[in-house]
Structure formats: C-alpha cells, structure tokens
Amino acid sequence: MMNLTVEDIMTREIITIAPYESIKKASEIMEECGIGCLPVIEKGKLVGIITSRDIRGVHSNRLAADAMTKTVITTHPGCSLWEAKEAMEFNGIEKLVVIEDDKVVGLVTKKLLYGELGKHTDLLTGFERAECLQHRAVEMLQEGKEIAIIFIDLDNFGAINKEFGHVKGDEVLRQAAHIFRGIIDEETDKIYRYGGDEFVVLSTKSIWEAKELANMMLAALSSWGWWPVGVKVTASAGVAGGRRKVVRFNGNLNHMMADLINMASLASTKAKKEKVSVVVAEHAIDVVPAAGESS
C-alpha cells in the first residue's frame, strides 16, 4: 500500500440520479443495482447524495431532492487511503464521493476501503506493516511533532528457523510482538512489523528516551521464558531522530522519512556488528523549509 490512493480502489462506474427524480425511482435503481447510495447530479455537478437510509419512510412520490443529503463529504483521487479512512471516521459516514474538476469520477465505500487497509496488517503479529509506517510518520511531522525511529532486528533468527523449524520461528515472532506490545506506551509509541524478523517503533519520545525504550524492549526479549524451550532470542536496535524546524510541509517529507528509517536500520546493523544492544545514529535529520519559505 506504499502509495495507494483513493483513485486506485474507487468504483468508477457511478450510477447517479437527478434531483427531480422520485424516491420510488431512486429505490428501484438501488435495488436493481444492489447499491446503497446514489450521488445526485444536476447540470453535471454534484448537488447531494441519497442513501437507502435516507429514503426509509419517505413517500415514494417525493423527489430525491427532498430526501438527499445536500452537504456531501467528498475527496479527490489523490487522497491517501489513510486520509480517506480518517475522513469517514471523523464525519461518521460510510461513503466518499470522489470529485475531480467539479465532476464525480468515483465512489469509495467503507467496506471497500477497510478491506484494502486490512490487507496491510500483519496477521502473524497484529502490527501494521512497514508501508503504513511512512504515512503515519509523515503525518506526525506535518503536525509539528518530533519523532524517533527504533529499528529492531532479531539476532540470528535464521538459525532459529533452521534449528526449530519455521512454525516455531513464527511462534517466536508472535511472542516477540506480545512482549513489545506490553512495553510500548500507546500514547507515544506505535510499533510496525517492518520485515521478516524486523520491527520498527515510531515514537514521539526524544531520541534519548527512545534509546531507553529500545534497551527495555531488548532486555525484555532476553529475559523472556521462550517457547520452544531452549530458544534464545536477542536483538539489536538502532535509533534515529528527526527534528522538525518548520510547520509547513515542503513536499519532501517522504524522502526524509525514508532516510530516517534507513539511518535507524544502519545503526541496528552497527549494533549487531559491534555486539552492543543499541546504537544511536550520529545525526538527526532536520526538516528544512522549501525554497522561498522562511523557517
């Protein structure tokens, strides 16, 4: 889902109705087409939306204009799936009409959207996958928050798979997720499964607080009563931080986040090579203003 937008999943064949059509007509169309709503179009422009809920109890001779919702929450084709989800939840709606150049070009339902988002949750650990990390991190920077990245890589996990088998290896990953979930603070930290045996924590803690958290997580791994008996699980972690210097988005935050994650990953590799638990990347990344903007 790295950069999926509403345009990638929206329904493009939109069935609409005119405001002067009857409720009976709207009901018949919805039933015949198996749909739950109709954008209401007049002179090529969206003027409302009418749903199956709207027409309940309304006399069949009334007009669509009488029952439709006139204030329609819309989005644009380039809207990210996460932004669409937030718009639906914030407004308490189950459908988003997609508009481009003042014309209706698509429709996204809650079922369709959540189905797509559900594909990006790791079923083994219950954590969201790496592609969700970047989106949330960019959002946090846009909100003016400083962030820290903790990149955790289990040590010699391949050897565990070889000695105990992949089924037991999966169980180790589930237990590691359970341990991590019990340590992080959901107010400030969110954890993602980045790769096979890699986890990333996105945190609003300072970089030094993040280092402390990383040490706690690794210590908990080492002291856990692992199953299968005999498994020894340790990990190495790298920590990197991003400082927010300006409030406005300069268009490069995705690249900046990729660099930040990479720095944490390299710091994790360094920790593994130097046989220390946690390494903090030497430099934080500053978000700089776009050309012509003042900081």
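Which residues of H6 are buried? Keep that question in mind while looking at the model, which is predicted. Helix H6 covers residues 130-142. The buried residues of H6 are Ala-130, Glu-131, Cys-132, Leu-133, Gln-134, His-135, Ala-137, Val-138, Glu-139, Met-140 and Leu-141. That makes eleven of the 13 residues, and H6 is mostly covered. From its first C-alpha to its last, H6 reaches 19 Å. Just after H6 sits Gly-144, with a positive phi of about 85°.

Turn now to the sheet. Strands of a sheet pair through backbone hydrogen bonds, either parallel or antiparallel. Here the sheet is open and has three strands, in the order E3-E4-E5. The pairing is mixed. Strand E3 (74-75) and strand E5 (103-109) form the edges. Each of these edge strands pairs on one side only. Strand E4 spans residues 95-100. E4 and E5 pair in the antiparallel sense, over six bridges. Take Leu-96 as a way in: its bridge partner in E5 is Val-108.

Is Thr-75 buried or exposed? Its relative accessibility is 10%. Buried means under 20%, so Thr-75 counts as buried. Leaving aside residues up to four places away in sequence, Thr-75 touches Val-6, Leu-96, Val-97, Val-98 and Ile-99.

A helix accompanies the sheet. Helix H4, residues 81-91, lies across E4 and E5. It runs at about 125° to E4.

The last stop is a pair of helices. Two packed helices are described by the angle between their axes and the distance between the axes. Helix H7 takes in residues 157-164, and helix H8 takes in residues 166-183. Their axes come within 7 Å. They cross at roughly 135°.

Which residues meet here? From H7 come Phe-157, Ile-160, Asn-161 and Phe-164. From H8 come His-166, Lys-168, Gly-169, Val-172 and Leu-173. By class, this contact has five nonpolar, three polar and one charged residues.

Technical notes: Residues numbered from 1 in each chain as written. Predicted model: local features only at pLDDT ≥ 70, side-chain atom pairs only at ≥ 80, totals over all residues. Heavy atoms only, no water. Axes fitted to C-alpha atoms, helices over the stretch in contact; angles between N-to-C directions. Helix = DSSP H or I, 4+ residues; strand = E, 2+ residues; numbered from the N terminus. Contact = heavy atoms within 4.5 Å. Nonpolar A, V, L, I, M, F, W, Y, C, P; charged D, E, K, R; others polar. Pairing = 2+ DSSP bridges. Expected span 1.5 Å × (residues − 1). Buried < 20%, exposed > 50% of the residue type's maximum accessible area, 1.4 Å probe, protein only.
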